[in-house]
Structure formats: structure tokens, C-alpha cells
Amino acid sequence: MFVTAYLSFVALAVLCVGLELAARRLVAPQAAQTTAANPAFRRFQRLFLKAYLLALWADWLQGPYLYKLYRHYSFLESQIAILYVCGLASCVLFAPVAGWLPQALGRRQTCLLFCLAYSVCCLTKLSQDYFVLILGRVLGGLSTSLLTTAFEAWYMHCHVDVHDFPREWIPVTFGRAADWNHGLAVGAGLVANLFAEWLELGPVAPFLLAVPSLAACAWLLQSEWSAEEKREDGEKSVLLLGPPSAPQVRLSAQVRFRRSCLEGLRCLLSDRRVLLLGGVQALFESVLYIFVFLWTPVLDPHGPPLGIVFSSLMAASMAGSALFRLATSARYRLQPGHLLCLAVLLAFFSFFMLTFSTAPGQPKPAESLLAFLLLELACGLYFPAVSFLQGRVIPMERRAGVLAWFRLPLHLLACLGLLALHGEVSGTGGGEAGSGTRHMFAGCAGMMLAALLAVVSLFTLGRNDADLRLEGTKGEGDI
């Protein structure tokens, strides 16, 4: 498996470079060309990306060796499952708070809170006390929720309200962040492997390495982002007679948050397309959390370098993203809905393979690695496809509320799956999972079948719906 992991990484790296070059030749977004000629926007974009990418880098560094660290501390798989459940449960609990905090505490201050909470989360990994590690997982859930909301809230506010840039330029920045994000994920696996295995500093090393990145992110927030906010305050002071009182700000934030949630729920229940899309997202992304928990115990007994495996998985996801851009380019013009269906099919096939490659007493690690790589390829196709459809069927002003409701069943399904695995392991006397892992993969395959039915229902419902298609293509009724 040691050689297989390195060969897989090299092959996927070459594939990613080829696909990326092909995609850049065929895809030349007009918005990106327009923004490149605007120096004020480019300065603002760099200001945001420097801090945001540091936060993402710190997050990715913690991916390859989390399970390995808990095993290094001699915890059983059932105990590790509870630690993961605590992280997911905290995501559920803190998701509403993460949407409210930027409005009540302030956007930049909430980003600073993210840096502080995630740094403490990383430092808890130095302890072998189970309850300290649980606290770390709770802080990790809070930090993950803030990462997905606070930074975006600050950028959207400054982009629209401070600089008055066109809304059409927003995807340019987040598209660039997504491109960097893939490369950061691949690099994080390599760096984590270097410190944890090559330098023999142990699985805790990547977590400690994340702390300086978070400190640098906080410094940028306090210096450069603060200067941006002072510029905003200076511009508004001409128009405002005085700042609102603190209770008024808190009340206004609470009212806006409740209104956002209620409007999101109404949108979810009134539009069947939104409901079906939410079902697809809950089913698909919940099994990804289960995959994140299970890939290490499936492969680690066979001795692969986990950082290299992690980089290979992220490279497969990067290849899927490049394939999506190629397939939806003007040359090929495939529909995002078709690619979403392909992604769900690939995920089903991956979990179906895993039910056989993880049979007790007859493990096939090479086949399991291939299945994991196919699953990450499916993820690379899935996320841009579902993002496109969300942008078409969910109104912009209601998107935050709707996506908050989407995340609720997503995390609950993942928690239930891990608790079911914990119960099966505990039933075997607290030892290793035995057939529990195989049963879990079979359950994930069933969930992918349900997701596939939801995708088919969505596009049966709107097969001639222009909102679900790329511009310039015909519906079935027009052919």
C-alpha cells in the first residue's frame, strides 16, 4: 500500500494538471476578464483571500491525522465515533448561532472568534484526556460553522454595501477561492505527512502547525480588515447622526436572523424543487461525514502514508471539479443536472465496491482506495453542480436561511450513522468494528440510491424548466 499510495498521487497529480490546463483553455469567464481590469476590486479581493485562505489552510491541515491521533492515544473505535458525533452535534447546535453572530457581534469580530476557537481546538489535541478532546471537538464544530458563514458574511457586506461592486463579480472571488482551496487541500496532506511521518513528530504535529496559520489570519483580520472597516465607518459618518445603541443592534440582529429562518422555511416548503434539492444535499453530504470517519480505519492497518492518501483523495476531487468545468463549457455543454446524476451514481458505485472490499477477514485495501478515489471524484462533480442548482432555484435573499435548514438533516443523518456504528462496535464488546464498517457502507449505498431517486424526481418535475439548465440550451420539449 505504501507504493500504491505514492503511485496514485503521482497519477492523479498529472491528471489534474492536464484537466486544469484543458479547462482553462475552454473556459474564459467574462466576469473574470472584467474584474481583472478593475484595480480597486483586485486589491479588495486580495485583502479577503489572504486571510480566508490562511483559515482554509489551517482547516485542511487537521484532516489527514485526526483519527490516527485518537488511535495513537489508544482510544477504541467506539470511543472515537463518539468524538466525531460530538463534533457533528456541535455543528448542528452552533449553526443558528453562526448565522446570528456576525450580525450581533460584528463580522470581523466573529472571524477573530473563529481563529481563537480553532486555535484552542488544535491545542486540546496535546491532551490525552477524553473529556478535553470532547471539548476540542465541540470547539471544532463551532469553528467549522463560523468558517462557512463569518468570512462570507464579511466579504458580501463589504463587496455590496461598502464598495458597491456589481453582484455579478461575487462568484469570481469565491470561484478563485475554490480553485485555491483544492490546491491547499492537496498541499496540506503533503505537509502533514512530512511533519507527522517523515520527520517522525507524530500525528499531533499537523494540529500544532495549524496554530501559526490561525495566528497569521487573526493578525490580518486585526490589521488589514480593521483598516477596511474604518474606511467604511468614515464614509458612513457623513450620513449618520450617531451610532445605534448596543441593545438596538442586538435586537435588530435577532429579528433579522429569525426572519431569515422563517423565510427560508417558507421557501423550502413552498417550492418542491428546493425540497428535493435539499433532500439530495442531506443524503449525499451526510454520507461524506461517515466516509471521513471510516477511510482511516479501513486503510491504516495496511500501512499507507495517510498524508499522501489524503492528498490523493483531494487530487481526485480536484480532477472532478476540472471535469465539471470542461463538461459544462461551450464546447461540450452538458447540463449540471446530468452531472449531478453522474456524481450520485459514482458515489453509489463506490459504496457498493466498499461493501465487498471491507469484508471481515478478507480486506482488499487497493480496491478500497480505488473506491475512495472514485467517491472523491464524484464530490468534485457534485459540489459545483449542486451550487449551480441552488443559485437557480433559491432566491439570493433567502439562501442563507434555506441552506441552514438543509444542514440540519444533513448533520443529524451523519450523527445517527456514527451512533449506529458505535452501537454495533459496543455490541461486540468494545473491540474493532468487524462487520460494522461493511454494514455502514451498505447503508451509505442505500442512501445514495435514495439520493438518485430525488435527483430523478427533481428533473422529472422541471425537465423543461429553464432555471435548471445552462443558458443557450433547449429543454426536452423544444427538441
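This is a predicted model: local features need pLDDT of at least 70, side-chain atom pairs count only at pLDDT 80 or more; totals for chains, interfaces and linings use all residues.

Analyst: Arginine 325 forms a salt bridge (a side-chain nitrogen of Lys or Arg within 4 Å of a carboxyl oxygen of Asp or Glu) with glutamate 20, the closest N and O atoms being 2.6 Å apart. This pair links distant parts of the chain, 305 residues apart: arginine 325 is in helix H13 (residues 306-327) and glutamate 20 in helix H1 (residues 2-26). Helices here are DSSP runs (H or I) of at least four residues, numbered from the N terminus. Glutamate 20 is buried, at 13% relative accessible area; buried means under 20%, exposed over 50%, and partly exposed in between, with a 1.4 Å probe and protein chains only.

Residues are numbered from 1 along each chain as its sequence is written, and side-chain values use heavy atoms, leaving out hydrogens and water.

The whole structure has 3 salt bridges. In another, glutamate 224 meets lysine 50 at 3.1 Å, N to O. Glutamate 224 lies in helix H10 (residues 205-236) and lysine 50 in helix H3 (residues 39-61), so this bridge ties together parts 174 residues apart in sequence. Glutamate 224 is partly exposed at 26%, and lysine 50 is also partly exposed, at 41%.

Aspartate 300 and lysine 68 form a salt bridge at 3.2 Å, N to O. Aspartate 300 sits in the loop between helix H12 (272-299) and H13, and lysine 68 in helix H4 (residues 66-72), 232 residues apart. Aspartate 300 is partly exposed at 22%, as is lysine 68 at 29%.

Conventions. Helices (H or I, at least four residues) and strands (E, at least two) are DSSP runs, numbered from the N terminus.
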